[in-house]
Amino acid sequence: MDYAIQTGLLLAAGVVLALVAQWRHWRPSLAVALAAGIVFRLLIMVAAAKSEWQPVDFVNSFKPAGEAVLNRQDPVLGSNGGWHFLPTIPYVYGLLLWLGIPWEIAGRLVTVVADIALIPLVGKLAGGRDASLRAFQYACNPLALLVACIHGQVEPVALAFGVAAFVVARGPGPAERPGLVNDPIAMTRRSVSALGFGGAVRQALAAAPETLRLALRPGPGDRAGLRRALFAGLLMGLALCAKSWPIWLIPGMLLFLPTVRARIVAFVATGIAPVFFIVTLPIFAGTSLSQIPEVVKVMKTIRPIVGEWSYSALLVGGDWTLHQGIATFGTWLIYFTLVVVAILWRRADPVDVTTALLLAFMVATPRLGAQYLLWFMPFLVARPTRFAWPAILGVSVWAAYGYLYMTQYRGLAWGELHSVWAQCSIVLLPVLIAAMPWNRRVSAARVPAPSTAPQKTAPVAI
């Protein structure tokens, strides 16, 4: 890479601005945040586009997917196996290439525009008096600049739609989650306290049909909530069209919705866009009907690539390799860890639930690309924890070493650096764990209000 020093200086300037804004309690306007974000991103994108060095997957996977669309070929089957997701983004690549935009710009334009859109969305997600500060801090975020402007990975696209789904699901009002109508968690807790566990279970089973009927019955203002749920689900579906990992964002989106009916609507709506892009493959991508099962199979396949991150890097000496045993163990560890985290944060604000889930994923996963570390960034920036900035700076420095320094080398020299770099990632795990919202496992909006009913007291003997 021939622009590492200039890029490093820009990243450092962004970090300084973000930290000074926090220290000095700046509240820059949205226009200022957008201007800063656009300047940072355009400078780095132009330098990356002019460089002789280009990321391997950017050239060998993303570009062939766009060219396959231009040639009326399926982007999954017709790009040498380099694209494992729905064809939504390759359609955009194909359009930009058809317009004659050079690939080095076209491939990054998609992610840079999405990352700029994330700036106001992070502010909306934060809400309150710090909304403009959080938007400005995301505009200066070093990891976002690396992923969107240099690598051209599509994480910003998935995040733009995913965060927008959160904002829509929450609706107008304060950032705290509105109380769920007939909150089942609070009701269960009260039943267990009054009747004991066995009695509570028997009561729940007896009342299940009536409880379901009441939950699905329209209530006052239900139409507005269902409309929000529909649009939020559609946006989350578009996030899934970019990549498959936003499935971990769905629980947080659903928690923002006030009724069971709204959650069902949002969940069903989430599947509309993915299904649309699958069934229209014969129309837009030239895929034959007989090939659709094969396309779905490829998209479902998880390659057992390990050795880039955490414990898997230690197990294989930092070599980027295929290892089914480690990958399988890691997959089950992810599921177990996320279930535990979901239980611990079941009463938290939906943004905190999502932050905890995504940070836990980073700790448990055996495979990781540097772009994965962007998943939690908008949520952690919007609602920072005590160790948020150590985590942000830690993962940004680790990623920047890979993007800016290691790319100066080739062959065996790069392999030696990669081995050390991958194994050093283990030191980030305690920081990521510390950055989880431990002191916000119970949201004020989810604490049941104390009963106002008069209490009967025993007569006092005189």
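## Packing of H5 against H7

In this predicted model, helix H5 packs against helix H7 (residues 142-151) at an angle of about 155°, and their axes are 7 Å apart. Angles over 145 degrees count as roughly antiparallel, and H5 and H7 are therefore roughly antiparallel to each other.

On the H5 side, the contact is made by Arg108, Thr111, Val112 and Asp115, while H7 contributes Ala144, Ala148, Cys149 and Ile150. By class, the residues of this contact between H5 and H7 comprise 5 nonpolar, 1 polar and 2 charged.

## Packing of H5 against H8

H5 spans residues 103-126 and H8 spans residues 155-170; the axes of these two helices come within 8 Å and cross at roughly 25°. Because angles under 35 degrees count as roughly parallel, H5 and H8 are described as roughly parallel to each other. The crossing of H5 past H8 is left-handed.

From H5, the residues that meet H8 are Val110, Thr111, Ala114, Asp115, Leu118, Leu121, Lys124 and Leu125. Their counterparts in H8 are Pro156, Val157, Leu159, Ala160, Val163, Ala164, Phe166, Val167 and Arg170. The contact of H5 with H8 consists of 13 nonpolar, 1 polar and 3 charged residues. Thr111 and Asp115 of H5 take part in the contact with H7 and also in the contact with H8.

## The protein as a whole

The protein contains 22 helices and 2 strands. Of its 462 residues, 51% are buried. Among contacts with a separation of 6 or more, 77% join residues 24 or more positions apart.

The accessible surface comes to about 21,500 Å², and carbon and sulfur atoms account for 70% of that surface.

Notes
Residues numbered from 1 in each chain as written. Predicted model: local features only at pLDDT ≥ 70, side-chain atom pairs only at ≥ 80, totals over all residues. Heavy atoms only, no water. Axes fitted to C-alpha atoms, helices over the stretch in contact; angles between N-to-C directions. Helix = DSSP H or I, 4+ residues; strand = E, 2+ residues; numbered from the N terminus. Parallel < 35°, antiparallel > 145°, perpendicular 65-115°, else oblique. Left-handed = near helix turned anticlockwise from the far one by under 90°. Contact = heavy atoms within 4.5 Å. Nonpolar A, V, L, I, M, F, W, Y, C, P; charged D, E, K, R; others polar. Buried < 20%, exposed > 50% of the residue type's maximum accessible area, 1.4 Å probe, protein only. Areas by Shrake-Rupley, 256 points an atom, 1.4 Å probe, with all protein chains shown as cover.
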